[in-house]
Amino acid sequence: MKHLAYLNKYFFKYKYYLLLGILFTLISNLFGIIPAQVVRHALQMVKANVDLYLLFDQAELQNSTYSLFTYSITFFGLVILGMAILKGIFLFAVRQTLIVMSRHIEYDLKNEIYAHYQTLPLSFYKQNSTGDLMARISEDVSKVRMYVGPSLMYLINMVILVFLVLSYMFSVNARLTWYVLIPMPILSLSIFIVSSIVNKRSEQIQKSLSNLSTFVQEAFSGIRVIKSFAKEEEFIADFAKESNVYKDKSMDLTKVDSLFSPSIMFLIGLSTVICVYVGGQEIISGRLTPGNITEFIMYVFMLTWPLTALGWTSSQIQRAAASQKRINEFLFTKTDIVSEENLKPEVKGKIVFDNVSFKYPDTGIEALKNISFEVNPGESLAIIGTTGSGKSTIANLILRLYNTGSGTIKIDNHEIKSFEIPYLRNQMSFVPQDVFLFSDTISNNIKFGNNEVTELEVKEAARNADLLENIERFDQKFETKLGERGITLSGGQKQRVSLARAIIKNPKILILDDCLSAVDTTTENTILNNLRSVMEGKTTILISHRVSNARLADKIIVLDEGRIVEFGDHKTLIQSPGAYRELYELQSNSEELIEEKYS
Ligand SMILES: Nc1ncnc2c1ncn2[C@@H]1O[C@H](COP(=O)(O)OP(=O)(O)OP(=O)(O)O)[C@@H](O)[C@H]1O
């Protein structure tokens with residue numbers, strides 16, 4: 001329950017809604033309670049009038065007694081009707097304040113979680129599944145809203161109503177009230193026991209719902225693989241298994257829930273029986289009138305709904321607590337990628353790695369070992385190496401997606417840690433290995449890193465990425481929609497959109513991570529030629545498996561298992577035997593062979 005305390009700041013923010021809600025609940029309950037007293041008066045009046053009517057039997061006054069009687073009954077009826085209408089109006093006002101408040105809180109909480117997700121480092125996204133992230137921002141927030149909205153509304157209503165009803169009951173007859181309250185301790189005890197069971201089961205349900213979302217999300221993302229391996233049946237069976245776990249857990253909860261209401265109804269019924277029995281004794285001894293008993297029974301029935309709702313409310317609050325606990329887990333996770341000095345110096349583009357080692361925090365894999373190199377402003381550095389040798393890790397560290405382990409990375413003689421992070425990243429353009437395009441137009445995808453560019457510049461960037469011809473062939477050209485509701489680009493086309501996106505940002509540092517792996521050799525050559533002018537004045541890091549790409553660079557480092565095994569430029573490296581020359585010979589041989597075979 002302590003987890004829900006996190007939401008108090010929102011109650012404070014929307015205090016006027018809350019206070020008005022409480023006031024309207026009080027007024028609506030008053031209009032609900034007063035009719036019980038009106039009924040008592042009406043019954044007492046009926047009894048007095050019947051006595052009077054019988055007294056004037058056959059006398060002339062009997063007729064006027066009768067009309068007075070009908071007049072009073074109509075009056076009491078109208079008063080009760082008026083109260084019911086007023087109660088309805090105030091109930092509407094209660095919903096307009098408390099439920100509206102809950103919607104505001106839901107909106108704020110969702111925004112807070114989303115904004116916090118954005119601040120978290122890449123390692124957080126590697127450790128937590130997308131399904132789980134989505135479940136917490138949607139399902140869990142909905143559960144929390146049930147607490148800040150309907151549950152809170154019923155709870156306030158119950159407290160006010162119980163307080164008002166009990167004060168009226170005690171003022172009428174304390175003895176009868178005590179008797180009527182006998183079943184209440186049993187009621188509280190059962191609510192307590194049931195709530196704790198509900199709490200435990202709710203947590204399990206949330207966890208299983210998260211697993212289910214993760215499963216579905218992954219299945220949709222990997223639908224191509226699933227279909228090509230004809231694994232649909234297996235996935236259907238796995239989904240059924242996962243959803244069965246969720247169903248069983250929900251059933252367990254329903255069992256407890258469904259036991260709750262009948263038990264409360266039984267205890268309320270018991271109160272009514274006691275009320276009639278003890279009340280009857282009080283009437284016989286002359287301390288109460290039948291009107292009082294009717295009023296009492298009405299009070300007991302008034303307590304029925306809020307006390308029954310207490311079961312529902314307490315289970316909703318327990319569920320909300322379980323959900324808020326999960327939300328807090330993420331909200332209290334802080335990023336360790338922070339700037340030490342928030343520096344924003346003008347960047348020229350010098351990059352220095354000094355004895356840098358790095359271990360991935362989640363897997364413990366030592367990806368880089370004692371890496372040292374220097375790239376001057378405007379120079380280009382190619383990083384060549386086998387799969388898993390640590391090439392992309394170097395890019396990750398320059399972009400400060402991870403913190404360096406040991407050693408230092410400097411940009412223009414400032415430690416990378418001292419830069420303000422968005423500023424640092426704004427100085428760079430990155431084309432990742434695994435391209436990601438948004439479900440938007442080609443033009444907006446290219447403009448992603450720089451909205452203030454002209455259509456002409458977009459076209460120029462597309463030309464440099466050798467993409468213009470392809471785009472011009474689409475009906476809607478640059479306005480062609482990509483993604484789920486648009487067209488699907490080929491792997492090579494996607495890479496080139498991603499490259500154009502990086503080029504148009506016109507950064508000081510350009511990092512290309514194996515970004516031409518999916519294009520043919522002719523296109524690659526065209527792009528490499530175009531890149532010569534694009535790279536002018538920019539520091540470029542060119543990560544590749546292909547020597548043909550590396551040739552373009554001023555300096556080349558060859559990585560193997562996280563270490564630099566060779567360093568130099570293309571000319572010097574091919575002259576001495578080593579990994580680079582081997583790779584060069586291997587790749588030029590295979591290219592020659594291919595040419596021979598098809599010529
Ligand atoms: N996010 C990550 N979390 C944990 N380990 C990782 C992560 N990314 C990479 N690694 C590991 O670090 C090592 C270096 O990976 P890296 O991606 O830098 O290699 P690479 O040279 O770019 O490979 P490739 O050419 O196949 O892209 C690998 O052993 C890899 O398994």
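**Reading a sheet and its cores**

Modeller: In this predicted model, Leu-559 has Ile-564 of strand S10 as its bridge partner.

Biologist: How do strands S9 and S10 run relative to one another, parallel or antiparallel?

Modeller: Strands of a sheet pair through backbone hydrogen bonds, in either a parallel or an antiparallel manner. Here S9 (residues 555–560) and S10 are antiparallel, joined by 5 bridges. By contrast, strands S6 (residues 428–431) and S7 (residues 509–513) run parallel, with 4 bridges between them. Within that pairing, Phe-430 has Ile-511 of S7 as its bridge partner.

Biologist: In what order do the strands of the open sheet lie?

Modeller: The 6 strands follow the order S6-S7-S8-S3-S9-S10, and the pairing is mixed. S6 and S10 (563–568) stand at the edges; each has a single partner strand, so one side of each lacks a neighbour in the sheet. From one strand to the next, the twist averages 15°.

Biologist: Which residues of S6 lie on one side and which on the other?

Modeller: In a regular strand, side chains alternate between the two faces of the sheet. For S6, Met-428 and Phe-430 are on one side, while Ser-429 and Val-431 are on the other.

Biologist: Which helices lie across S6?

Modeller: Helix H17 lies across S6 and S7, running at about 175° to S6. Helix H12 (residues 391–398) lies across S3 (380–385), S6, S7, S8 (539–544) and S9, at about 150° to S8.

Biologist: Which residues have the most contacts inside the largest nonpolar core?

Modeller: They are Ile-383, Ile-384, Ala-500, Ile-511 and Ile-556, in a core of 66 residues. Helix H17 (residues 491–504) supplies the largest share of this core, 6 residues. A second, separate core has 48 residues, including Tyr-10, Leu-133, Val-180 and Tyr-299.

Biologist: What is Ile-383 in contact with, leaving aside its neighbours within four places in sequence?

Modeller: Ile-383 is in contact with Lys-391, Ile-394, Ile-541, Ile-543, Ile-557 and Leu-559. Leu-559 is the residue whose bridge partner in S10 is Ile-564.

Biologist: Which residues does UniProt list as "transmembrane region"?

Modeller: The unreviewed UniProt entry lists residues 16–36, 68–94, 152–170, 176–198, 259–280 and 296–315. In the model, residues 16–36 are 100% helix, with end C-alpha atoms 31 Å apart. Residues 152–170 are also 100% helix, and their end C-alpha atoms lie 27 Å apart.

Definitions and conventions
Residues numbered from 1 in each chain as written. Predicted model: local features only at pLDDT ≥ 70, side-chain atom pairs only at ≥ 80, totals over all residues. Core = buried A, V, L, I, M, F, W, Y, C linked by C-beta atoms within 7 Å. Buried ≥ 20, exposed ≤ 12 C-beta atoms within 10 Å, placed from the backbone. Helix = DSSP H or I, 4+ residues; strand = E, 2+ residues; numbered from the N terminus. Contact = placed C-beta atoms within 7 Å. Pairing = 2+ DSSP bridges. Axes fitted to C-alpha atoms, helices over the stretch in contact; angles between N-to-C directions. UniProt positions renumbered as here; feature names shortened; annotations may be inferred.
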